[in-house]
Structures are given as structure tokens and as C-alpha cells.
Amino acid sequence: MTIHVNIGEAKTRLSELLAAAARGEEVIVNKAGVPFATLVPTPEAMAIARDSRAAKRRAAFGCLAEKYKDHPPEAFDVPVSMTDEDFDARIARKLG
């Protein structure tokens, strides 16, 4: 999905637009109706977001630790979020 906004609107909605870019959406900022800039997340930001999601998942499974204390720790390993290729394939399946 591509989001087009003018510069004034981008200033007002910057946090929202950065979040959309981090989710993988294309955000294009227009100046006088002409595309001027594109917001894209850095690879480091994408890695930090994936690690954060994985940590939240591990914490969610950690609340079950007492109940399943006799199980080996490997049983609770949570994989890192999907790769960029997996994400692109998923979007292609959903949107054609």
C-alpha cells in the first residue's frame, strides 16, 4: 500500500507515517503535488523492531514457565519475526 501526503500533512502526522514505513508501507511525501521524498526504515530499525517483537513473544511464553518448568528451555524458543522475503511473499499471496 502506498501512502501519498503533502508536506504540511506529513509534518502533522510524522509519527504515524514513520510507523507505517516501519510496517513496510511505502510513504511518499509530495511537494506541490509532485513526489518529493520517500520514507523508508533503515535496516537497523527493522532489526530492532523484529527483536522487540520476538522479546515480547518470549515474555508471553515465559509466563507459562512455572506450569511447564519440567520442559527444556528449547521448547519455548520463539523464532524471530518473518524475513523480508516471507513478508513480500505473504503480501503477494494476499493482494495478488
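In which helix is the place of Thr12? Thr12 sits in helix H1, which spans residues 7-12, where helices (H or I, at least four residues) and strands (E, at least two) are DSSP runs numbered from the N terminus. The structure is a predicted model, in which local features need pLDDT of at least 70 and side-chain atom pairs count only at pLDDT 80 or more, while totals for chains, interfaces and linings use all residues. Residues are numbered from 1 along each chain as its sequence is written, and side-chain values use heavy atoms, with hydrogens and water left out.

**Overall architecture**

The chain holds 4 helices and 3 strands, and from the N terminus on these elements follow the order β-α-α-β-β-α-α. Of its 96 residues, 15% count as buried, a class that means under 20% relative accessible area, as against exposed at over 50% and partly exposed in between (1.4 Å probe, protein chains only). The accessible surface of the chain comes to about 7400 Å², and 60% of this belongs to carbon and sulfur atoms; such areas come from the Shrake-Rupley method with a 1.4 Å probe, and for residues only the protein chains shown count as cover. Among contacts (heavy atoms within 4.5 Å) between residues at least 6 apart in sequence, 36% join residues at least 24 apart.

**The nonpolar core and its surroundings**

The largest nonpolar core has 8 residues, namely Ile3, Val5, Ala10, Leu17, Ala20, Ala21, Val27 and Val29. A core of this kind is a set of buried Ala, Val, Leu, Ile, Met, Phe, Trp, Tyr and Cys residues joined through side-chain atoms within 4.5 Å. Strand E1 (2-6), H2 and E2 are the elements that give two or more residues to this core, and the largest share, 3 residues, comes from H2.

Ile3, one of the core residues, touches Leu17, Ala20, Glu25, Glu26, Val27 and Ile28, when residues up to four places away in sequence are not counted. With a relative accessible area of 18%, Glu25 is buried.

Asn30, which lies in strand E2 (residues 26-31), is likewise buried, at a relative accessible area of 14%. Not counting residues up to four places away in sequence, Asn30 touches His4, Val5, Asn6, Ile7, Pro35 and Phe36.

**The loop between E2 and E3**

Ala32 belongs to the loop between E2 and strand E3 (34-39) and is exposed, with a relative accessible area of 80%. Its phi is near 55 degrees, a positive value in a residue other than glycine. Most residues other than glycine have a negative phi, and most peptide bonds are trans. Gly33, found in the loop between E2 and E3, counts as exposed at 66% relative accessibility. Gly33 and His4 are 29 residues apart in sequence, and their C-alpha atoms are 9.4 Å apart in space.

**Salt bridges and a side-chain to backbone contact**

A search of the whole structure finds 2 salt bridges, each defined as a side-chain nitrogen of Lys or Arg within 4 Å of a carboxyl oxygen of Asp or Glu. The pairs are listed below.

| Salt bridge | N to O distance |
|---|---|
| Glu9 and Arg13 | 2.4 Å |
| Glu16 and Arg13 | 2.9 Å |

Salt bridges that share partners join Glu9, Arg13 and Glu16 into one network. Glu9 is partly exposed, with a relative accessible area of 29%, Arg13 counts as partly exposed at 24% relative accessibility, and Glu16 counts as partly exposed at 47%.

Thr12 is exposed, with a relative accessible area of 69%, and its side chain reaches the backbone oxygen of Gly8 at 2.9 Å. A polar contact is a pair of N or O atoms within 3.5 Å; within protein, one must be able to donate a hydrogen and the other to accept it, and residues adjacent in sequence count only if both atoms are side-chain atoms.

**A nonpolar surface patch**

Met82, Phe87, Ile91 and Leu95 form a nonpolar patch on the surface, with about 350 Å² of accessible area together. Patches are made of residues with over 30% relative accessible area and no salt bridge, like charges being joined within 9 Å and nonpolar side chains (Val, Leu, Ile, Met, Phe, Trp, Tyr) within 5 Å. Met82 is placed in the loop between helix H3 (43-62) and helix H4 (84-95), and is partly exposed, with a relative accessible area of 36%.
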